[in-house]
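Q: Before we look at anything, could you take me through how such a model is read, one feature at a time?

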Amino acid sequence: MKVYRYLNSCARENEGSYNELYNFMYLGLISPSNSYLKKYHFISDDGINTFEKPKEMSKFFFSSIADALFVATKSRPYQNMLIELDIDEKLLRKYLGVGFYGTLQVEYCIPYLKLYEQTNKESLDYLIPALNFYNQNFFTYSLTKLDKYPQIEAMLANLSYSGIYQKDRLSIYPLFCFMPKEIKAFPIQGDLNVLRTLAIRTKNLRERKFAYLENIMKITGANIDLFSFNPNFSKDKLFDYSSSIIEEENKKLRKILF
């Protein structure tokens with residue numbers, strides 16, 4: 001099943017998804033999200049959503065193209081891109097939730113290890129040891145002070161890719177970048193108002209036809225701003241309901257964008 005993520009660059013390079021965007025644009029690589037591998041390590045709750053507090057490196061994806069565009073066109077960064085990955089449905093069901101972006105949107109929070117195992121084009125001997133080191137020390141403020149850090153850093157000598165962009169990130173950042181076996185991309189250029197209007201009209205049509213938000217709230221026991229929800233809501237029920245609607249919607253949008 002196809003999922004979507006938007007990448008953007010901002011005026012300040014350590015914000016948005018600058019490294020992630022450039023590594024994909026110029027090298028075709030998937031890279032860690034902005035929250036990870038900073039000089040001094042601090043992980044926030046990554047916004048308002050139904051997921052547990054983060055305990056390992058992960059990456060968020062939207063189920064809906066319209067939802068991704070809605071968020072991507074809220075600001076006006078220098079560059080913007082929408083990427084599409086194909087992920088196994090069983091995996092998506094396990095890591096399904098809802099996030100608040102001014103409105104409720106179905107999304108997936110996929111552990112980086114699972115993402116790598118599911119989508120990598122070639123196995124990298126160093127990635128999993130580096131990721132295990134990172135996840136085992138997820139709440140450590142300064143990774144560079146750990147005794148094992150030089151051992152992980154030494155694996156850079158075996159790096160499979162050159163030219164990886166890593167502005168404001170630890171030296172070991174390139175160890176986490178990998179080539180996906182299949183990925184599509186749509187650069188978001190020109191008049192963003194056109195795409196934003198497309199996203200809003202699609203979402204409005206969804207509401208008129210299906211009362212989508214109302215039903216999402218019923219399934220998750222959430223209120224409109226997601227400050228409360230039922231932590232034991234059925235992920236299968238949410239997946240079955242939302243995917244049946246979003247998949248048809250995405251087919252039409254893919255013809256326009258891709």
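Q: How is the packing of two helices described, and at what angle do the axes of α2 and α9 cross?

A: Two packed helices are described by the angle between their axes together with the distance between those axes. In this predicted model, the axes of helix α2 (residues 65-72) and helix α9 (residues 235-257) come within 9 Å and cross at roughly 60°, which makes α2 oblique to α9. By class, the residues of this contact comprise 5 nonpolar, 1 polar and 2 charged. On the α2 side they are Ile 65, Ala 66 and Leu 69, which meet Glu 249, Asn 250, Leu 253, Arg 254 and Leu 257 of α9.

Q: How are α7 and α8 oriented to each other, and which residues in α7 and α8 meet?

A: Here the axes of α7 (residues 192-210) and helix α8 (residues 212-220) come within 7 Å and cross at roughly 70°, and the two helices are therefore roughly perpendicular to each other. The residues of their contact divide into 3 nonpolar, 1 polar and 2 charged. Arg 206, Glu 207 and Phe 210 of α7 meet Tyr 212, Leu 213 and Asn 215 of α8.

Q: Which residues in α8 are buried, and what covers the buried residues of α8?

A: An α-helix has 3.6 residues a turn, so residues three or four places apart point the same way. In α8 the buried residues are Tyr 212, Leu 213, Ile 216, Ile 219 and Thr 220, and because they cover an arc of only 125° around the axis, they are on the same side of α8. Their cover includes the strands β4 (96-100) and β5 (104-111) as well as the helices α7 and α9. After α8 comes Gly 221, with a positive phi near 65°.

Q: Which residues are buried in α4?

A: In helix α4 (residues 112-119), Tyr 112, Leu 115, Tyr 116 and Thr 119 are buried; seen down the axis, they fall within an arc of 100°, so they line one face of α4.

Q: What is the relative accessible area of Thr 220, and what does the side chain of Thr 220 lie 2.8 Å from?

A: Thr 220, which is found in helix α8, has a relative accessible area of 0% and is therefore buried. A polar atom of its side chain lies 2.8 Å from the backbone oxygen of Ile 216. Leaving aside neighbours within four places in sequence, Thr 220 is in contact with Val 98, Phe 229, Asn 230, Phe 233 and Leu 238.

Q: Does Lys 203 count as buried or exposed, and with which side chain does Lys 203 make a polar contact?

A: Lys 203, in helix α7, counts as buried because its relative accessibility is 11%, where the cut-off for burial is under 20%. Its side chain makes a polar contact of 2.9 Å with the side chain of Asp 67. Beyond neighbours within four places in sequence, the contacts of Lys 203 are Ala 66, Asp 67, Phe 70, Thr 103 and Gln 105.

Q: How should I read a strand residue such as Ile 83, and what is Ile 83 in contact with?

A: Ile 83 is placed in strand β3 (residues 79-86) and counts as buried at 5% relative accessibility. Leaving aside neighbours within four places in sequence, Ile 83 is in contact with Val 3, Tyr 4, Arg 5, Leu 7, Phe 24, Ile 183, Lys 184 and Ala 185. From Ile 83 to Ile 216 there are 133 residues in sequence and 25 Å in space, C-alpha to C-alpha.

Terms used:
Residues are numbered from 1 along each chain as its sequence is written. This is a predicted model: local features need pLDDT of at least 70, side-chain atom pairs count only at pLDDT 80 or more; totals for chains, interfaces and linings use all residues. Side-chain values use heavy atoms; hydrogens and water are left out. Buried means under 20% relative accessible area, exposed over 50%, partly exposed in between (1.4 Å probe, protein chains only). Helices (H or I, at least four residues) and strands (E, at least two) are DSSP runs, numbered from the N terminus. The arc is that of the directions from the helix axis to the C-beta atoms. A polar contact is a pair of N or O atoms within 3.5 Å; within protein, one must be able to donate a hydrogen and the other to accept it, and residues adjacent in sequence count only if both atoms are side-chain atoms. Contact means heavy atoms within 4.5 Å. Axes are lines fitted to C-alpha atoms, for helices over the stretch in contact, and angles run from 0 to 180 degrees between N-to-C directions. Angles under 35 degrees count as roughly parallel, over 145 as roughly antiparallel, 65 to 115 as roughly perpendicular and the rest as oblique. Ala, Val, Leu, Ile, Met, Phe, Trp, Tyr, Cys and Pro count as nonpolar, Asp, Glu, Lys and Arg as charged, and the others, Gly among them, as polar.
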